[in-house]
Amino acid sequence: MSESKQTLASRYKHYALDIKRYYRIPAVQKSLSLVLSLFITAFFIIAAIRPTFITIASLQKSIVESEKVLTQLNTKVRSLEQAQRLWEENMGKIAYVDSSIPTTKADYDSYIKTIEIIALESQVFLEGTNLGDALLYSSIFDPYTGTEREGITLPVTISVSGTYPQIIQFYKSLTSLDRLLDPLSVTLATEGKQGKEQQGQISMSLSGNIQYMASKSLLEKALPGKEKR
Amino acid sequence: MNKKAGRQVSRIYYQIGVMTLVTSILWVMLSIYQAVNKDIDVQVKKEMLTPLSAELDTEVLDELVSRRQMKVDVDNFR
């Protein structure tokens with residue numbers, strides 16, 4: 001047993017010496033300058049070439065992204081030019097939009113007076129007009145200015161009585177006004193609200209919505225509990 | 001004549017040098033790949049890039065123009 005171990009040890013020693021001798025053979029060895037060249041090349045690749053290549057790749061990527069942004073901006077510029085052209089062409093008509101949906105006030109009084117004028121023209125009896133809540137004036141804040149305005153719905157209920165042609169005339173005039181009215185329901189009855197049944201007289205109750213532009217958040221402060229659509 | 005010039009070193013240093021060179025080249029390639037695939041945020045406000053629809057429904061405008069215009073002077077109405 002010990003003899004075989006000694007044999008193995010001597011064999012190992014023999015081969016180890018052989019390997020050491022093998023590596024000392026000039027044909028197996030490499031030039032120091034070659035090995036140093038490899039290390040120096042690797043060092044410069046890591047220290048100089050790598051940052052340079054990363055910078056080049058980043059710049060190329062940045063150029064590609066910038067070209068994409070430039071394309072989007074050019075598209076937007078063309079859209080803005082077209083929008084400006086359309087604006088200039090239709091500038092005279094913009095005032096009609098403001099009268100359809102007021103942007104600086106609810107225009108309460110004017111609308112009620114307009115209804116009265118139409119009722120007079122149509123020769124109907126205006127029994128009542130009811131408009132929903134709106135802020136007419138506030139010294140604390142102004143919901144009718146600023147860029148956060150949106151369409152606020154103002155419910156309207158109008159009751160008139162008259163003959164059928166007069167009622168039809170009133171309805172047509174009301175729905176062809178510059179102030180846009182969205183009629184939701186129309187109720188016709190043969191008896192007036194006063195309870196007086198007259199010959200050929202009918203009454204009409206119209207419910208609908210008109211719109212104006214205002215800041216919803218400021219209006220909710222002024223009119224708490226009133227749900228605005 | 002056959003004797004090599006200069007100092008000689010063991011082959012293992014040569015192998016380490018080659019591995020170092022290969023590793024550094026691979027590192028450079030990996031770094032370039034990462035740089036190319038990295039998201040670059042161009043400093044432009046998002047509002048400027050939001051597409052703008054430059055279309056105007058002129059038919060609606062014409063419809064509004066054709067409606068009856070009533071300018072009521074509330075103060076002098078009565």
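Which residue of β5(A) is the bridge partner of A:D182? The views below take up this pairing and other parts of the predicted model.

**View 1. Strands β4 and β5 of chain A pair in this view.** A:D182 has A:N209 in β5(A) as its bridge partner.

**View 2. Chain A is shown with its helices and strands.** Chain A has six helices and five strands. Read from the N terminus, their order is α-β-α-α-α-β-β-α-β-β-α. Chain A has 229 residues, of which 16% count as buried. Among the contacts in chain A with a separation of 6 or more, 78% are between residues 24 or more positions apart.

**View 3. Chain B touches chain A in this view.** The contact takes 49 residues from chain A and 42 residues from chain B. On the side of chain B, the elements giving two or more residues are β1 (8-9), α1 (11-37), α2 (46-49) and α3 (58-66). Helix α1(B) gives the largest share, 15 residues. This side of chain B divides into 27 nonpolar, nine polar and six charged residues.

**View 4. A strand of chain A pairs with a strand of chain B.** Strand β1 of chain A, residues 30-31, runs antiparallel to β1(B), and two bridges join them. A:S31 stands opposite B:Q8 in β1(B).

Conventions. Residues are numbered from 1 along each chain as its sequence is written. Chains are lettered from A and ligands numbered from 1 in the order in which they are written. This is a predicted model: local features need pLDDT of at least 70, side-chain atom pairs count only at pLDDT 80 or more; totals for chains, interfaces and linings use all residues. Two strands pair if DSSP finds at least two bridges between them. Helices (H or I, at least four residues) and strands (E, at least two) are DSSP runs, numbered from the N terminus. A residue is buried if 20 or more other C-beta atoms lie within 10 Å of its own, exposed if 12 or fewer, and partly exposed in between; C-beta atoms are placed from the backbone. Two residues are in contact if their C-beta atoms, placed from the backbone, lie within 7 Å. Ala, Val, Leu, Ile, Met, Phe, Trp, Tyr, Cys and Pro count as nonpolar, Asp, Glu, Lys and Arg as charged, and the others, Gly among them, as polar.
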